[in-house]
Amino acid sequence: SCDFHYAGCEVQLPRKDMPAHLVEGLAMHLPLIATCTKQMQAEREQMEKENEIGKAKQEQEIETLWKSLAERNTEIAELIVKFEGELEQSRQKIEKMETENKKMKAIQEQEIAALRKGLAEKNTEIAQLQEELSAVALNVKEVEDCVSLSKDEETEAAKPKKDGDSRFQKGLFSSKKERKRQEIAGLKAKYEEHNSSIAELIANQEKDRSSLETLQSYAGSFPVQLTMTDVQKHMTYDDTWFSKPFYTHPHGYKMCLKVAVNGRRKGAGTHISVYIYLMRGEFDDHLRWPFQGQVTVQLINQAGEDECNHTATISFSNPQHSSLDIAGRVVSTERATDGIGQAKFLPLEELGYSAGKNCQYLKDDCLCFEITRVTDVDRMVQLERQCLVIESRVCIPPIEFTMSDIDQQTNENATWYSPSFYTHQRGYKMSLHVSPNGFATARGTHVSVYVCLVRGEF
């Protein structure tokens, strides 16, 4: 084809004839080239015009994007300020709640101290009244001896004597007898009055002691001391003992301790078993269910060495223990139908005295327990989560989580669930799941970590 075919020349010749065509067709090629050049010029001008329009449009779009970005940054800054304000308010509320709890605890401790002081004063008063009562009883005995002596004297006086002496002695003895009778009546009345006062003081003392125990249990003050008596009787009849109730914190969950001295389940006949039971409480309407937390139970060494106290932590946080029969709200009965604890709390052979350890748990047919600590996970996490959610919504990295009780969760093959967090502002809500003992094919060899999506607000 012709070298000017791009300009519109459609002549096709063998290559050997092409030079002659180029010379002879010069007049024809020039107009074609001119036309082609004009078209190319027009296309170039059109392209330049379109480029100018596109450039202006791009600049306008960029300007719009910069403006939108600036507005977005302003909005983000305002949101951060707003969330920081909410975070500060939440922290202030937390501080206020902690202050109020401290004040409430201080007031309750003052009331407890006042009740203890009142009990001590009443004990002293009872002791004084008992001393006075003993003195009155002694006086009554002396008067009765005097009356007996007077009767002897009266018998002696009744013997035949001279008429004047007889009348005088009879009058004298009658006067003495009447005085003694009045004195005995007065002492008996005083004796009855003292008895009545002592009975009233003892009744008030028991009432104050009951009020003190109730106030201590309501206050959630730890340690809570629980004494199991008649241990041998419980062992003989193979029955269980339930402690008095206690509360996890002021206006908290109501619980009690169950002890089976002969053991239950895997500990039957070899170990003492202890369990924690939830009870129907006065503040259940304001609590979250099921209960999640840990209770620390301690069996006291009554020989005096604190390091020999036997301690166990009973956890309600394990998903396999979240049954409503165990951790759910108690409605129709006084306490839950089932509890959670340790069937092998302590070998029975270790209850007696051990000279090597100077350790003795069973003494005077009594076992002394203490509830040293109750951790209400929901109550603690609730306040932390309020701050954490606000922080996570604005995505302030890094978000730190602390996992405790690793050994226990490893032994129980449990999974730990972190508080939820967000990927970004108004983003996806997630939670971290950790299995310390591994999961599925990693069981027993690796720590398994999963991130799971959670239903969020956005």
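Analyst: Start with exposure: a residue is buried under 20% relative accessible area, exposed over 50%, and partly exposed in between, using a 1.4 Å probe and protein chains only. This is a predicted model, in which local features need pLDDT of at least 70 and side-chain atom pairs count only at pLDDT 80 or more, while totals for chains, interfaces and linings use all residues. Residues are numbered from 1 along each chain as its sequence is written, and side-chain values use heavy atoms, with hydrogens and water left out.

First, the setting. The chain has seven helices and 13 strands. These are DSSP runs, numbered from the N terminus: helices are H or I with at least four residues, strands are E with at least two. The chain holds 458 residues, and 32% of them count as buried. A contact means heavy atoms within 4.5 Å. Of the contacts between residues at least 6 apart in sequence, 63% join residues at least 24 apart. The accessible surface comes to about 29700 Å², and carbon and sulfur atoms hold 52% of that. Such areas come from the Shrake-Rupley method with a 1.4 Å probe; for residues, only the protein chains shown count as cover.

Now the charged pairs. Side chains of opposite charge can pair when their charged atoms come close. A salt bridge here puts a side-chain nitrogen of Lys or Arg within 4 Å of a carboxyl oxygen of Asp or Glu. How many salt bridges are there by this rule? The count comes to six.

R72 pairs with E75, with the closest N and O atoms 3.3 Å apart. Both residues belong to helix α2, three residues apart, or about one turn of the helix. R72 is partly exposed, at a relative accessible area of 44%. E75 counts as partly exposed too, at 36%.

Another salt bridge joins loops. E334 and R280 meet through their side chains at 2.6 Å, N to O. E334 lies in the loop between α5 (324-327) and β8, and R280 in the loop between β5 and β6, so the pair ties together parts that are 54 residues apart in sequence. E334 counts as partly exposed at 44% relative accessibility. R280 counts as partly exposed at 33%.

D285 and R329 also form a salt bridge, at 2.4 Å, N to O. D285 is in the loop between β5 and β6 and R329 is in the loop between α5 and β8, so this pair ties together parts that are 44 residues apart in sequence. Is D285 buried or exposed? D285 is exposed, with a relative accessible area of 60%. R329 is partly exposed, at 39%.

The loop between β5 (271-279) and β6 (293-299) also holds P290. The peptide bond from W289 to P290 is cis, with omega near -5 degrees. Most residues other than glycine have a negative phi, and most peptide bonds are trans. D238 has a positive phi of about 55 degrees, although it is not a glycine. D238 lies in the loop between α4 (231-237) and β2 (241-242). D238 is partly exposed, with a relative accessible area of 41%. D365 has a positive phi as well, about 60 degrees, and is not a glycine. Its place is the loop between β8 (340-347) and β9 (367-376). D365 is partly exposed, at 26%.

Next, the strands. Strands of a sheet pair through backbone hydrogen bonds, either parallel or antiparallel. Here, two strands pair if DSSP finds at least two bridges between them. Four strands form an open sheet in the order β1-β9-β6-β7, with antiparallel pairing. At the edges are β1 (224-228) and β7 (310-315), each pairing on one side only. β1 and β9 run antiparallel and are joined by five bridges. M228 has L367 in β9 as its bridge partner.

Last, back to helix α2 (residues 26-157), where W66 is found. W66 counts as exposed, at 59% relative accessibility. I62, W66 and L69 form a nonpolar surface patch, with about 340 Å² of accessible area together. Patches take residues with over 30% relative accessible area and no salt bridge: like charges are joined within 9 Å, nonpolar side chains (Val, Leu, Ile, Met, Phe, Trp, Tyr) within 5 Å.
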